[in-house]
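Dear colleague,

Please find below the structure that I am handing over to you. My notes on it follow directly after.

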Amino acid sequence: MLERLAQAEDVAFLVTRPDAPRGRGRRVGSPPAKEVAERLGIPVLQPERPADAELPEADAIVVVAYGLLIPESLLERTLWLNVHPSLLPRWRGAAPVERAIMAGDAETGVTIHETVKALDAGPIAAQRAFPIGAEDDAGSVYARAGALAAELLRDVLPSPRFEPQPEDGVTYAEKIGPEDRKLDLANPEQAVRTVRALSPHIGARAELHGRGVTVWRAHLEDGALVPDEVQPDGKRRMAYAEFLRGVRP
């Protein structure tokens, strides 16, 4: 999304989180947005906390999946626009795409709204919906949302006009926790939605043939959940057929 936005707007700087250990080897790595910004020649700021940032002057600051509270002292300095991948006021909070898929929503979308103190509650500058397909997982929905967000921001900047958020229909998308990852195999339709919602970035959990596995892809067949791709604990991802060959006596 940063690359798309930079093609249409003058992006003065990027604020992102500090480099941190990542992956199995726990090697220190840069946030993906930083890598894009450096390739585009955009200056990068990485404060431990937003309050520590000495931000240059800007007409507007766009927030995308930052995940840290922005203090009111910064919100008062300039216009902050938040990009949220849901049809606000539905699914305010940390995991809007995952919760929408889990809930079986037929559609989601992108909302551009003013960042305010209350969580995802600011007035709306732009909003557009798109369908969630039966085969969509969180990865495909986030990708579609990113492309749409860049398009909406080009329409909104530099002079957005706002409408208050509706007060009806507010729901909250809580952060995904360990209990959310556990598949209820007695409810296969919901289990498949959970697999889709947590792929390819978190992973649903189940015990299959006595082994703990992460289920990355699955489908319904004759009313039952059928895994397509799994990852046994401590091992690589593999097709379910390969996993079955390893558990047969």
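Is Ala145 buried or exposed in this predicted model? Ala145 is buried, because its relative accessible area is 5%, and the cut-off for a buried residue is under 20%. This residue is found in helix H5. Although 59 residues separate Ala145 from Ser86 in sequence, the C-alpha atoms of the two are 8.7 Å apart in space.

Overall architecture

The chain contains 8 helices and 14 strands. Its C-alpha trace spans about 65 × 45 × 30 Å along the principal axes. Of the 249 residues in the chain, 41% are buried.

Nonpolar cores

The largest nonpolar core comprises 48 residues. Within this core, the residues with the most contacts are Val110, Ile112, Leu208, Val215 and Val230. Helix H5 provides the largest share of the core, namely 8 residues. Another core, of 10 residues, lies apart from it; Tyr66, Ile70, Leu75 and Trp80 are among its members.

The second largest pocket

Which residues line the second largest pocket? The lining is formed by Ala134, Glu135, Glu189, Val192, Arg193, Arg196, Ala218, His219 and Leu220. The space in this pocket amounts to about 150 Å³. At least two lining residues come from each of helix H7 (188-197) and strand S12 (211-221). The largest share belongs to H7, which supplies 4 residues of the lining.

A nonpolar patch on the surface

On the surface, Leu119, Val170 and Tyr172 form a nonpolar patch, and together they have about 270 Å² of accessible area. Where in the chain is Val170 placed? Val170 sits in the loop between helix H5 (138-156) and strand S10 (172-173). With a relative accessibility of 31%, Val170 counts as partly exposed, since that class covers values between the limit for buried residues, under 20%, and the limit for exposed residues, over 50%.

With kind regards

Definitions and conventions. Residues numbered from 1 in each chain as written. Predicted model: local features only at pLDDT ≥ 70, side-chain atom pairs only at ≥ 80, totals over all residues. Heavy atoms only, no water. Patch = residues over 30% accessible without salt bridge, like charges linked within 9 Å, V, L, I, M, F, W, Y side chains within 5 Å. Areas by Shrake-Rupley, 256 points an atom, 1.4 Å probe, with all protein chains shown as cover. Salt bridge = Lys/Arg side-chain N within 4 Å of Asp/Glu carboxyl O. Buried < 20%, exposed > 50% of the residue type's maximum accessible area, 1.4 Å probe, protein only. Core = buried A, V, L, I, M, F, W, Y, C linked by side-chain atoms within 4.5 Å. 1 Å grid on protein atoms, 1.4 Å probe; cavity = no way out; pocket = protein on both sides within 12 Å on 5 of 7 lines; lining within 4 Å. Points joined across faces, edges and corners; volume = space filled by probe spheres on them.
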